[in-house]
Amino acid sequence: MFNMIEFIEKKRDKGRHGREEFSELIARLMAGEAPDYQLSAWLMAAYLNGLDENETMYFTESLAKSGETYSFPSDLHIVDKHSTGGVGDKTTLVLLPLAAACGAVVSKLSGPGLGFTGGTVDKLESIPGMRMHLEPEEFLEQVSRIGCAISGHSKQLAPAEGRFYKLRDVTGTVPSTELITASIVSKKLAGGAFGYVFDVKCGSGAFMKNREEAAFLAENLVKVSKKLGKGAVAAITDMEQPLGEWVGNAAEVFEAVEVLSGRGPADTRRLCVALCGLMLAVASLAKDMSEGARLAERALDDGSALRKFAEIIAAQGGDAEVVSRPLEVLPRAGKSFLIKSSRRGVLSKLDALSVGEALRALGGGRMKLDDEIDRSVAVRLRKKTGDAVSVGDTVIEVLYNDDARLAEAMKYLTDCWAVSENAERRELILDYVF
């Protein structure tokens, strides 16, 4: 018979749990028989003593089975993508229609932003009429019909993970790589995809601050996914400076439209092409990521990815005119403030965390999940690290609605950038884990 105290003591004493123990733990939790103080005690023991690969797999599996799960026909080879989050990370907005235009079937469950990172749901809700909380039947039907759907997470999918997520946030156990892995993969497992591509970011604007931490998480995500029978690969990418040119909910939809139209910032396009190449390889639609990347380039250049984006938007009730008239359809803040350089040289620093905090100060981000946000505000990065800068050049443009909020944002933006005599461009894709 399962004994919660013995379960806690086992991990406290560096023991290992089996599959049945985790199944019993989650059964107790779902029955309301596992109090927060005991779950918190176990989380701290797991944080301090770690979980091995099998334990992480068993925990992930049990979390995924705690509620409803999506199921698709095996011949669809559905692929999903997950990013660990960053400032200006609009890759999902581009990748979903891009991969679908290349023949992949993509099911994507996403969440709202919290803290200094933006959420895909918030960004897409900038499009008038866009429905981002589909019923399970609607979601499954749309995936089968047009090859792609994106929706906010259902509370019925992996509900036990949600309980642990909240407890990790208030018990100092968020940084545990194994617990992060279980959290991410359990929701992917419940979502029904057959393969995953992980974009693990590192740097100032990411949760993993250095390359070593990011690599460890990427390796865990791939190993556990494969142990669960899923195809998986990860890219480790730089988030020391924001991705692309725009940071802000509606503004990032605009940038996504630009990239899908064959334009847009080179770094956003490059990352999306590389990640799409991985998605197509995982879905067995390309022999390797290089062939997949070539297919992605073609879909951007021939307009098929942009047309697929319009199809997804229309299917979910949004104004598909956003793909042809984004500046007219999307909300845009009414005031602009330019930050200019007083010296000549090369941009040597552009701190992603500070830019993300500035957007939140403008009203574009949250402190709590129920906070209202202003989707029209934005920070535009006119220069990126390695770019030449002349006296009087605009480095950052701020789109805002409220003068007091601008003053708060400037506390972050004044010192987030620097001009030096020389600086190298940052590497965007640091490594892959297969």
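I count a charge as sitting over a ring if NZ of Lys or CZ of Arg is within 6 Å of the ring centre and within 35 degrees of the ring normal. By this rule I find that lysine 230 lies over the face of phenylalanine 194, at 5.3 Å from the ring centre.

I note that this is a predicted model, where local features need pLDDT of at least 70, side-chain atom pairs count only at pLDDT 80 or more, and totals for chains, interfaces and linings use all residues. Residues are numbered from 1 along each chain as its sequence is written, and side-chain values use heavy atoms, with hydrogens and water left out.

**Aromatic pairs.** I pair rings of Phe, Tyr and Trp (its six-membered ring) if their centres lie within 6.5 Å; planes under 30 degrees apart count as stacked, over 60 as edge-to-face and the rest as tilted. The count under this rule is 12 aromatic pairs. One of them, phenylalanine 2 with phenylalanine 7, is tilted, at 5.4 Å centre to centre and 50° between the planes. I looked up the burial of phenylalanine 2 and phenylalanine 7, and both are buried (under 20% relative accessible area; exposed is over 50%, partly exposed in between, with a 1.4 Å probe and protein chains only).

I then examined tyrosine 70 and phenylalanine 139: their ring centres are 5.2 Å apart and their planes at 25°, so the pair is stacked. Both tyrosine 70 and phenylalanine 139 are buried.

**Cluster.** I traced ring pairs that link Phe2, Phe7, Phe22, Trp42, Phe59 and Phe164 into a cluster.

**Tyrosine 47.** I record tyrosine 47 as partly exposed, with a relative accessible area of 34%.
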